[in-house]
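Please work through the following exercises with the sequence and the coordinates at hand. Each task is followed by a stepwise solution.

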Amino acid sequence: MRPLLDYFVPISLFVIACASSLWINDYFLYVVTIGAIFAVLAVSFDLLLGYTGYLSLAHGALYGVGAYCCGILTAWHGMPFLPAMLFAGLFTGLVGALIALVAFRTKGLYFAVLTLGIGLIGHQLFLIAAPLTGGIGGFIGIPSPNVPAWLPVRQVVYNALLAFALLLVTYLVMRAFVRSRFGAACLAVREDITLAQALGIRVGWPRFAAFALSATFTGMAGALFAALSNFIAPESFTVLGTGFELVALVVVGGLGTLWGPILGAILLTALPEALRVAATLSLLAYGALLLFFIIFYPRGIASILRRLWSRLGAALTGKLGGV
């Protein structure tokens, strides 16, 4: 029953989201599309932070690697979007694997600080490698994904369908990973790496695979972001911007759940748009929301929903028992 729910629920929500996209106006559909891209980032990041306990601050730069790679392939070499996105993801996964080889020589705070340094170096490389990235002026002229002739929808709807499809694939792949022996080993690493090693669990490959897989889907999210925006600049891939935003999405949504960070991405993407008329209030509300969850619900939105579901189940059981 559990495997059926693991696949039935996300696929059903994907179908509903695709059908709904035909009726939403272009502005809200764009916001939803950006929210879906950030949900891909959040789910990818949760695999690493939520299931291994390692806090990477290099993912903002990895997001940029995928974006620039896709931009170069589609704008300069004329490659179609889908193979370019796949290549950008694999290339970012390779870069992530190299980072993991270095970073996993440390742990705890030192791991976070080391990846912070890598994130800062990545951002500076985006600025100074102007022949490849456009430097501070940005990379312009990235083509949008071509709508297939057999699919009679507007460009903005097709963009949303791509984002929903990538989110579904990301979630299912991450779910399969955490259900595997590698996922169980990652949980052992998160709880107590010394005890895991004492029990004979090989911790090296599982956490390395988690980092590389997380980086791969982060790169694909960056590729989709670049194609939908048609323009990218280093400011979109900073440690203090995207890097910390990923932490917020996962913490608010629910660490180590995979589905919770999707809700966090939806909430934290919608909030600034809802308060766009008052930018100061938007930042204030964003910060207050973070404080609220960290203080009162450190397990995020997922813990609130689980508690409500348990109470509902208990209430229904009580009513049935009284009949």
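The exercises below concern a predicted model.

**Exercise 1.** Determine how helix α7 is oriented relative to helix α9, and characterise the residues of their contact.

*Solution.* 
Step 1. Helix α7 spans residues 155–179 and helix α9 spans residues 204–229; they pack at an angle of about 175°, and their axes are 11 Å apart.
Step 2. Angles over 145 degrees count as roughly antiparallel, and therefore α7 is roughly antiparallel to α9.
Step 3. On the α7 side, the contact includes Asn159, Leu162, Leu166 and Phe177; on the α9 side, Pro206, Leu213, Phe217 and Leu228 are among the residues met.
Step 4. By class, the residues of this contact comprise 16 nonpolar, three polar and no charged.

**Exercise 2.** Asparagine 159 lies in helix α7. Is asparagine 159 buried or exposed, and with which residues beyond its neighbours within four places in sequence is it in contact?

*Solution.* 
Step 1. The relative accessibility of asparagine 159 is 11%. Buried means under 20%, so asparagine 159 counts as buried.
Step 2. With neighbours within four places in sequence set aside, asparagine 159 is in contact with Thr33, Pro145 and Leu228.

**Exercise 3.** State how many disulfides a search of the whole structure finds, and explain the case of cysteine 69.

*Solution.* 
Step 1. A disulfide requires cysteine sulfur atoms within 2.5 Å. The closest cysteine sulfur to that of cysteine 69 belongs to cysteine 70, at 7.5 Å, which is too far for a bond.
Step 2. Cysteine 69 counts as buried, at 11% relative accessibility; cysteine 186 also counts as buried, at 1%.

Technical notes. Residues numbered from 1 in each chain as written. Predicted model: local features only at pLDDT ≥ 70, side-chain atom pairs only at ≥ 80, totals over all residues. Heavy atoms only, no water. Axes fitted to C-alpha atoms, helices over the stretch in contact; angles between N-to-C directions. Helix = DSSP H or I, 4+ residues; strand = E, 2+ residues; numbered from the N terminus. Parallel < 35°, antiparallel > 145°, perpendicular 65-115°, else oblique. Contact = heavy atoms within 4.5 Å. Nonpolar A, V, L, I, M, F, W, Y, C, P; charged D, E, K, R; others polar. Buried < 20%, exposed > 50% of the residue type's maximum accessible area, 1.4 Å probe, protein only.
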